[in-house]
Amino acid sequence: MKTFKLSESGHSGWFIGNFPKAVFQTEDFEVCYRTCAAGSRGDSHYHEKLTEVTLIASGKVLTNGHIYTAGDIYILEPNEISQTEYLEETVVITIKTPSVPGDKVLV
């Protein structure tokens, strides 16, 4: 059995995927678990090739004009812009498929 610390893997909570510090390397998908501070904003961006699925584990977030709270899930398809503001401290679990490093276009 292998064990890891989230703080020692990936970047900003990304711990599975096709990148050097992933604890599990795969081209099929990426997984992230992170806590986002109240008032912070994600980069406005879209992905050309991948689909992004986000579960709000706790907290409250405003994404693309909609408010999401604990238990809500939203899916962004390729080329859909993501604009996110964390209204409370928020824990998110995000899965992207496939894992395509560099497939983030800032807007």
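Biologist: Where does Asn64 lie?

Modeller: Asn64 sits in the loop between β6 (60–63) and β7 (66–69). Strands here are DSSP runs of E, at least two residues long, numbered from the N terminus. The model is predicted: local features need pLDDT of at least 70, side-chain atom pairs count only at pLDDT 80 or more, and totals for chains, interfaces and linings use all residues. Residues are numbered from 1 along each chain as its sequence is written, and side-chain values use heavy atoms, with hydrogens and water left out.

Biologist: Why is Asn64 called partly exposed?

Modeller: Its relative accessible area is 30%. Buried means under 20%, exposed over 50%, and partly exposed in between (1.4 Å probe, protein chains only). So Asn64 counts as partly exposed.

Biologist: What is the phi of Asn64?

Modeller: Near 50°, a positive value in a residue other than glycine.

Biologist: What makes the pair of Tyr68 and Tyr74 tilted?

Modeller: Rings of Phe, Tyr and Trp (its six-membered ring) pair if their centres lie within 6.5 Å; planes under 30 degrees apart count as stacked, over 60 as edge-to-face and the rest as tilted. The centres of Tyr68 and Tyr74 are 4.6 Å apart and their planes stand at 35°, so the pair is tilted. Both residues are buried.

Biologist: How do you know that β1 and β2 pair?

Modeller: Two strands pair if DSSP finds at least two bridges between them. Strand β1 (residues 14–17) and β2 have two bridges, in the parallel sense. Ile16 stands opposite Phe24 in β2.

Biologist: What makes β2 an edge strand?

Modeller: The open sheet runs β2-β1-β3-β10-β5-β8. Strands β2 (24–25) and β8 (73–76) each pair on one side only.

Definitions and conventions. Helix = DSSP H or I, 4+ residues; strand = E, 2+ residues; numbered from the N terminus.
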